Amino acid sequence: MWAVQTPQAFRFSILMDAYKKAEQDNFLGTDDASLVERLGQEIVIVKGNYDNIKLTTPEDMYFAEAIIRKRQERL
């Protein structure tokens, strides 16, 4: 099991093919990678960083500020 971070990166043409195929088959994937993998394309896992969070909601800013403070304390 892997925790997946955003962004996931794919060639645009492959990603579009994956979405078209999923729509044709009425398939709901969990993320872009699940759709691309379903096409038989290889998915490569790249090591991420726990501090690399996605800022989506106002509450996420509190997490970001805590991470920045933690980094500054290390300096």
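Asp-51 lies in the loop between H2 and helix H3 (60-74), where helices (H or I, at least four residues) are DSSP runs numbered from the N terminus. This is a predicted model, in which local features need pLDDT of at least 70 and side-chain atom pairs count only at pLDDT 80 or more, while totals for chains, interfaces and linings use all residues. Residues are numbered from 1 along each chain as its sequence is written, and side-chain values use heavy atoms, with hydrogens and water left out.

**Asp-51**

- Asp-51 is buried, at a relative accessible area of 14%; buried means under 20%, exposed over 50% and partly exposed in between (1.4 Å probe, protein chains only).
- Not counting residues up to four places away in sequence, Asp-51 touches Ile-67, Lys-70, Arg-71 and Arg-74, contact meaning heavy atoms within 4.5 Å.

**The largest nonpolar core**

- This core has 5 residues in all: Leu-15, Ala-18, Ala-22, Leu-35 and Val-36.
- A nonpolar core is a set of buried Ala, Val, Leu, Ile, Met, Phe, Trp, Tyr and Cys residues joined through side-chain atoms within 4.5 Å.
- At least two residues of the core come from each of helix H1 (12-25) and helix H2 (32-38), and H1 gives the most, with 3 residues.

**Phe-27**

- Phe-27 is placed in the loop between H1 and H2 and counts as partly exposed, at 32% relative accessibility.
- Leaving out residues up to four places away in sequence, Phe-27 touches Ala-22, Leu-35 and Arg-38.
- The C-alpha atoms of Phe-27 and Phe-63 are separated by 34 Å, and these residues are 36 residues apart along the chain.
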